Amino acid sequence: MSDATGPKKTVNSFDVARLAGVSRSAVSRTFTDGASVSKETRDKVIAAARELGYRVNVLARSLHKQKSDLVGVVAADLDNPFRAEQIDLLTQGLLERGFRPILIRGEPSADVADLIGSLLQYSVAGVIVTSDTPPESICRECLDNGVPLVVVNKRDPGAPVDRVVTAFEAGGRMAYDHLVSCGCKKLAVVTPENSSYSINGRALSFEQAANAGGVAVTRIAWGTQSYDGGLAAAEFVNRVKSEIDGIFCTADYLALGVLDGLRHEHGLRVPEDIQVIGYDDIAQASWKAYDLTTILQSRKELCEITLDLLMQRLENPDLPQQIRECDISLVQRGTTRSA
């Protein structure tokens, strides 16, 4: 009597070939994109593979070929609606282009170089980084190994890798211009205590525009880029409310917390008492509970450019470094008065 509790035998291509009555090379051609195989043979192989529960070992095949269809995506702050939608669009776009995404979470304590290094062990075809700026050393290691690396909304890492950025400096100036045009004269900028390259750039450009216009700005660097961070910032705003009539939140996720804190915890009216503008235009910004005026940066455009850079680099590794910029635009809603 056989032992039903024993380990199940691993099915390989020889087993499929034997059941289908074809050669092992015919099995290999059936599961290789673009390979020549007759419909009759393909049908036999597919039927046998299904009966046996056979699946191609893609990783083993990639190691043999020194190349795979795997693309690493390094991301952090996945609780942020902007980031979650961005990663969804990136992974969907990779699948549509015939690649398989590997998502690695870049937590605040994680070393992004170690994360990228772990991806290189899987012979990935490319890497997309949306978390911290990777150090120059790991960027050059990717280049030396022929692995395209695209960084999104990050500073120049010092190596000639492709980058895509949104026009955050123009966005900061646009936020300032809009608040002033709506009658604001006492401004504040709400930003995380430890902000990223692009978030800090938005705050700095807002402050520079205000300084050039002779308008004082209170910087509220509080907590993290989160809803709770916005609630904490609203507490500070309430203590100095006579000194602020317009607020620029460097991310919508912060702005949602600021709005709920001002309205529901401190009884302030928006936009009557204080006007608020955000940045990102996440889906929640258009909800009637928030109706947030904001700066739109298109996640779809950002991801399309990112994937386009990666595909171009895979097609032609010798292309010069590319830096592409996504434009921004104002979306006016109910948290600011009509200009």
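A: Begin with burial: buried means under 20% relative accessible area, exposed over 50%, and partly exposed in between, with a 1.4 Å probe and protein chains only. C182 is buried, with a relative accessible area of 7%, and C142 is buried at 0%. This is a predicted model, in which local features need pLDDT of at least 70 and side-chain atom pairs count only at pLDDT 80 or more, while totals for chains, interfaces and linings use all residues. Residues are numbered from 1 along each chain as its sequence is written, and side-chain values use heavy atoms, leaving out hydrogens and water.

Q: How many disulfides are there?

A: A disulfide is a covalent bond between the sulfur atoms of two cysteines. The rule asks for a pair of cysteine sulfur atoms within 2.5 Å, and the count comes to zero. C142 has its closest cysteine sulfur in C139, at 6.6 Å, which is too far for a bond. For C182, also in no disulfide, the nearest cysteine sulfur is that of C184, 6.4 Å away.

Q: Which residues does V276 contact beyond its sequence neighbours?

A: Contact means heavy atoms within 4.5 Å. Leaving aside neighbours within four places in sequence, V276 is in contact with I247, C249, L259, L262, V270, L292, T293, T335 and T336.

Q: Which residue classes line the largest pocket?

A: Nonpolar here covers Ala, Val, Leu, Ile, Met, Phe, Trp, Tyr, Cys and Pro; charged covers Asp, Glu, Lys and Arg; the others, Gly among them, are polar. The lining divides into eleven nonpolar, 18 polar and twelve charged residues.
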